[in-house]
Amino acid sequence: MSNWNKIFKPIVVLMVICIIVTGALAATNSQTAPVIAEATRLAQEKTRKELLPEADSFTKVEGVDAENVGDIYTADNGVGTVITCYGKGYSSTITVMVAFNPDDTIKQIKVTDQGETQGVGTNVTVKTDFWTQFQGKPAQELALGTDIDRVTGATLSSRGVTNAVNAAIAAYNMIP
């Protein structure tokens, strides 16, 4: 058997397969990326409306550079602000949307994305007594254990949500 059949032919065949698969993945991504982006935008818009139902529409705030903060939107009719922020939980990054009232208090929060341990860390999203603690708090840094009680067994997830809310508070206080 020649070196071509033993060594080079399998390498060439694998390279051709890799090129074909890479091209197929790239084509699939180019077709689905806009659809996924639009679905994400609509879900975020819906969540903003849930958090501030009195808002007629929202305008994105630009120029605020805060750590662990994604988007900042203010209601066009002045009923509040919604900030998307992030905090590190036990096993994932937790995404939280925080709504602020015009009187500089937290209206409510909602965890929109997380990958925490099912039945333990996910309790920060299903236990209403945890996330309702944030309602009415002033737009000042909150301390877990002092201002906010942690969920038993989910300390790191509780800290992640609290840190995300604190990032939103910092960004809120930077809005001109």
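The legends below describe close-up views of a predicted model.

**View 1**
E38 and R41 form a salt bridge whose closest N and O atoms are 2.6 Å apart. E38 is partly exposed, with a relative accessible area of 37%. R41 is also partly exposed, and its relative accessible area is 37%. Together with E45, E38 and R41 are linked in a network of salt bridges. The count for the model comes to five salt bridges. Side chains of opposite charge can pair when their charged atoms come close.

**View 1. K110 and E50 are joined by a salt bridge.**
The closest N and O atoms of K110 and E50 are 2.6 Å apart. K110 lies in strand β5 (residues 106-113) and E50 in helix α1, so this pair ties together parts that are 60 residues apart in sequence. K110 counts as partly exposed, at 30% relative accessibility. E50 is partly exposed, with a relative accessible area of 38%.

**View 2. D71 and K60 meet in a salt bridge.**
The N to O distance between the side chains of D71 and K60 is 3.1 Å. D71 lies in strand β2 (residues 69-75) and K60 in strand β1 (residues 58-60), so the pair ties together parts that are eleven residues apart in sequence. K60 counts as partly exposed, at 38% relative accessibility.

**View 3. Nonpolar side chains form a patch on the surface.**
The patch consists of W4, I7, F8, I11, V12, M15, V16 and I20, which together have about 780 Å² of accessible area. M15, one of these residues, is found in helix α1. Its relative accessibility is 51%, and M15 therefore counts as exposed, the cut-off being over 50%.

**View 4. The largest nonpolar core holds 31 residues.**
Within this core, V96, V98, F100, I106, F134, V161 and V165 touch the most other members. Strands β2, β3 (81-88), β4 (93-100) and β5 and helix α4 (155-172) each supply at least two residues of the core. The largest share, eight residues, comes from α4. Apart from this core lies another, of nine residues, among them L51, Y73, A75 and M97. In soluble globular proteins, nonpolar side chains tend to be buried together.

**View 5. I106 and its contacts are shown in close-up.**
I106 is one of the residues that touch the most other members of the largest nonpolar core. Not counting residues up to four places away in sequence, I106 touches V98, A99, F100, N101, F134, Q135, G136, K137, L142, V165 and I169.

**View 6. V124 is a buried residue of helix α2.**
Helix α2 spans residues 123-126 and includes V124. The relative accessible area of V124 is 1%, so the residue falls under the 20% cut-off for buried. Leaving out residues up to four places away in sequence, V124 touches V111, F130, W131, V151, S157, S158 and V161. The C-alpha atoms of V124 and G87 are separated by 13 Å, and these two residues are 37 residues apart along the chain.

**View 7. N68 and D104 have positive phi values.**
Most residues other than glycine have a negative phi, and most peptide bonds are trans. N68 is not a glycine but has a positive phi of about 65°. N68 is found in the loop between β1 and β2 and counts as partly exposed, at 41% relative accessibility. D104, which is not a glycine either, has a positive phi of about 65°. D104 lies in the loop between β4 and β5 and is partly exposed, at 40% relative accessibility.

A disulfide is a covalent bond between the sulfur atoms of two cysteines. C18 counts as partly exposed, at 47% relative accessibility. C85 has 0% relative accessibility and counts as buried.

How values were computed:
Residues are numbered from 1 along each chain as its sequence is written. This is a predicted model: local features need pLDDT of at least 70, side-chain atom pairs count only at pLDDT 80 or more; totals for chains, interfaces and linings use all residues. Side-chain values use heavy atoms; hydrogens and water are left out. A salt bridge is a side-chain nitrogen of Lys or Arg within 4 Å of a carboxyl oxygen of Asp or Glu. Buried means under 20% relative accessible area, exposed over 50%, partly exposed in between (1.4 Å probe, protein chains only). Helices (H or I, at least four residues) and strands (E, at least two) are DSSP runs, numbered from the N terminus. Patches are made of residues with over 30% relative accessible area and no salt bridge: like charges are joined within 9 Å, nonpolar side chains (Val, Leu, Ile, Met, Phe, Trp, Tyr) within 5 Å. Accessible areas come from the Shrake-Rupley method with a 1.4 Å probe; for residues, only the protein chains shown count as cover. A nonpolar core is a set of buried Ala, Val, Leu, Ile, Met, Phe, Trp, Tyr and Cys residues joined through side-chain atoms within 4.5 Å. Contact means heavy atoms within 4.5 Å.
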